[in-house]
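Subject: Structure handover

Hello,

Here is the structure for you to take over. My notes follow below it.

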Amino acid sequence: MITIFVICARKTQKNLHSNEILIVKIIMDFKCSVGECLESITWQCDCPEKLKFCLTHSKEMSNHSRLKKCHTVNIKEKCLGILADHYKNALNHFESDCIKLTQEMIYEINNCLNDNWNYLQKKKKEINDLILSEQNDKADTIVNWVNTLNILQREKNQYYLSVRQLLGIDNANIKIVTDLEKLEDNLKILKKNFQESCEKINGLEKEFINSNENNKKLSDELEDTKKNLAQENKYRFSVEEFKKVLSNLNGSDGFKIILTRLDLQDFLPIFIEGNKVIDKALITNDNNYVFICEI
Ligand SMILES: [Zn+2]
Ligand SMILES: [Zn+2]
């Protein structure tokens, strides 16, 4: 069993009765004993005459005291002290409540500490039994569990804030709570902004990846097109090459295959559908016409 002790040292103050306050007020209302003096009193002597003097007539007070061999006291100071005690007493009840509430909190923390202590004792006993029965792996599990707790790393700021909110009474405490709340709010906003920025970056990354993929696709398509064009060009004749091909051709069918590619006007109906036999084909020097001779 562990207990946290808190010692609250508080000066015990005497409770004043309302009669005492009334007497103090009456004394303070007395006027100076010298002639017509209307000033409030400061001194009072202890002889049966109980003379009272103001601050101005301190000399008269000394003369009287010497003559009557009496003592004087600063009655004003005494009365003001009693009055101050009366006002301070008004705070005593609240002070007791503060101590009571604090003790309740300490009691709660103590309970929690004792629960932890009992639980750990139980676990220690469990480890003992496990080791004796050679179940080291199960003991390892308990040790691993306790290693993951990191109790000192736990978030404490919220607790401190709650304690201040619950027990604090002065402006400094209220300010601390307000400042902490503001910081918490700012932190929340910063976290939210950070998260939004991260999401935006992720979105941009995805767009970048997609755009890269599209670029790659377009680049591949361009390469394919280039290859196809190169392939097509391979089979395309220049006019000179074509003239050469025509001059080397023998046989009507050969002329028909080559000339069909040129898509010449009236060639198909006359020579292919008309089943003509081509003997020769020539291209004019201006390269605009093809002469076809049939047999
Ligand atoms: Zn006197
Ligand atoms: Zn006086």
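First, a term: buried means under 20% relative accessible area, exposed over 50%, and partly exposed in between (1.4 Å probe, protein chains only). By that scale tryptophan 145 is partly exposed, at 32%.

This is a predicted model, in which local features need pLDDT of at least 70 and side-chain atom pairs count only at pLDDT 80 or more, while totals for chains, interfaces and linings use all residues. Residues are numbered from 1 along each chain as its sequence is written, chains are lettered from A and ligands numbered from 1 in the order in which they are written, and side-chain values use heavy atoms, with hydrogens and water left out.

**Zinc sites**

Donors here are N, O and S atoms within 2.8 Å of the metal (3.2 Å for Na, K and Ca); water is not among the atoms, so sites may look incomplete. Four donors count as tetrahedral if all angles lie between 85 and 135 degrees.

Zinc ion (ligand 1) is held by Cys45 (SG), Cys47 (SG), His64 (NE2) and Cys70 (SG), at 2.1 to 2.5 Å. Its four donor atoms subtend angles of 96 to 122 degrees, so the arrangement is tetrahedral. The donor spacing in sequence is C-x1-C-x16-H-x5-C. Histidine 64 is buried at 9%, and cysteine 70 is buried at 7%.

Zinc ion (ligand 2) has Cys32 (SG), Cys37 (SG), Cys54 (SG) and His57 (ND1) as protein donors, 2.0 to 2.4 Å away. This site is tetrahedral too, with angles of 98 to 114 degrees. Its donors follow C-x4-C-x16-C-x2-H along the chain. Cysteine 32 is buried at 6%. Cysteine 37 is buried at 13%.

**Aromatic pairs**

Rings of Phe, Tyr and Trp (its six-membered ring) pair if their centres lie within 6.5 Å; planes under 30 degrees apart count as stacked, over 60 as edge-to-face and the rest as tilted. The structure holds three such pairs. One joins tyrosine 119 and tryptophan 145 edge-to-face, with 5.9 Å between centres and 70 degrees between planes. Tyrosine 119 lies in helix α3 and tryptophan 145 in helix α4, so this pair ties together parts 26 residues apart in sequence. Helices (H or I, at least four residues) and strands (E, at least two) are DSSP runs, numbered from the N terminus. Tyrosine 119 is partly exposed, at 38%.

Phenylalanine 267 and phenylalanine 271 form another pair: their ring centres are 5.4 Å apart and their planes at 25 degrees, so the pair is stacked. Both residues are buried.

Best wishes

Key. Four donors count as tetrahedral if all angles lie between 85 and 135 degrees; four count as square planar and six as octahedral if opposite donors are over 155 degrees apart and all others between 65 and 115; anything else is irregular.
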